Amino acid sequence: FVLVLGLFSAVYAVAPLPSRSGWKPQACVTSDTIMHDMHDGDLKLVSILGTRLRITSYGTNQTWIVNADFDLESCSAIVDFNVPGKPSPPPVNLTAYVVDVRSTAGVRRGLEFFDESGTIAPAQLPINQWTQREL
């Protein structure tokens, strides 16, 4: 796939859905990572510890926490953002896949979100991408 954002383009691949190719990132995110949420325009703190994914708001006064089971085989999790204090959660659970985002600046970790129910967008199209942020 090719993603064009502003003045640069990034070539990336996603972890496999059951109907996708067998590509996986080199490794799943294994520590606290600050990511830029392209949809909301803010930062999130993403932690993957073993088979648990935790997402929290970062750099804001919001105090919500999302926890989800993380599948180490596919580097993915089904995420329910409908938690207390989270403004405007999506109407359905989203599947998040760890991805490598490649650009001329190098490789960064990311999360790519899909609505596998097809409620928000066609199931095969990503609806959001978060990219590792250097602070």
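**Exercise 1. Where is Cys75 found, in a strand or in a loop?**

Solution. 
- Step 1. Cys75 is found in the loop between E6 and E7. Strands (E, at least two residues) and helices (H or I, at least four) are DSSP runs, numbered from the N terminus.
- Step 2. Check its burial. Cys75 counts as buried because its relative accessibility is 3%. Buried means under 20% relative accessible area, exposed over 50%, and partly exposed in between, with a 1.4 Å probe and protein chains only.
- Step 3. Check its backbone. Cys75 is not a glycine, yet has a positive phi of about 55°. Most residues other than glycine have a negative phi.

**Ground rules for the model**

This is a predicted model: local features need pLDDT of at least 70, side-chain atom pairs count only at pLDDT 80 or more, and totals for chains, interfaces and linings use all residues. Residues are numbered from 1 along each chain as its sequence is written, and side-chain values use heavy atoms, leaving out hydrogens and water.

**Exercise 2. State how many helices and strands the protein has, and how confident the prediction is.**

Solution. 
- Step 1. Count the elements. The protein has 10 strands and zero helices.
- Step 2. Read the confidence. Mean pLDDT is 82, and 78% of the residues reach 70 or more. pLDDT is the predictor's confidence in each residue, from 0 to 100.
- Step 3. Over residues 1-23, pLDDT stays under 50. The model has 59 contacts beyond four places in sequence for residues 1-23. Contact means heavy atoms within 4.5 Å.
- Step 4. Of the 135 residues in the protein, 42% are buried.

**Exercise 3. Trace the strand pairing from E4 to E8.**

Solution. Two strands pair if DSSP finds at least two bridges between them.
- Step 1. E4 with E5. These pair in the antiparallel sense over seven bridges. Leu45 has Thr56 in E5 as its bridge partner. Their hairpin has two residues between the strands, and Gly50 takes a positive phi near 65°.
- Step 2. E5 with E6. Five bridges join this antiparallel pair. Ile55 stands opposite Val66 in E6. Six residues lie between the strands of this hairpin, where Gly59 has a positive phi near 75°.
- Step 3. E6 with E7. Two bridges join these antiparallel strands. Phe70 has Ala77 in E7 as its bridge partner.
- Step 4. E7 with E8. Four bridges join them, again antiparallel. Val79 is partnered by Leu94 in E8.

**Exercise 4. Which residues of the largest nonpolar core touch the most other members?**

Solution. A nonpolar core is a set of buried Ala, Val, Leu, Ile, Met, Phe, Trp, Tyr and Cys residues joined through side-chain atoms within 4.5 Å.
- Step 1. The core has 22 residues, and Leu53, Ile55, Phe70, Val79, Phe81, Leu111 and Trp130 touch the most other members.
- Step 2. Find the suppliers. Strands E4 (42-49), E5 (52-58), E6 (65-71), E7 (76-79), E8 (94-103) and E9 (106-114) each supply at least two residues of this core.
- Step 3. Beyond four places in sequence, Ile55 touches Lys44, Leu45, Val46, Trp64, Ile65, Val66, Val79, Phe81 and Trp130.
- Step 4. In soluble globular proteins, nonpolar side chains tend to be buried together.

**Exercise 5. Compare Ser88 and Pro89: buried, partly exposed or exposed?**

Solution. 
- Step 1. Locate both. Ser88 is in the loop between E7 and E8, and Pro89 is placed in that loop too.
- Step 2. Classify Ser88. Ser88 counts as exposed because its relative accessibility is 71%. Ser88 also has a positive phi, near 50°.
- Step 3. Classify Pro89. At 28% relative accessibility, Pro89 counts as partly exposed. Beyond four places in sequence, Pro89 is in contact with Phe81 and Asn82.
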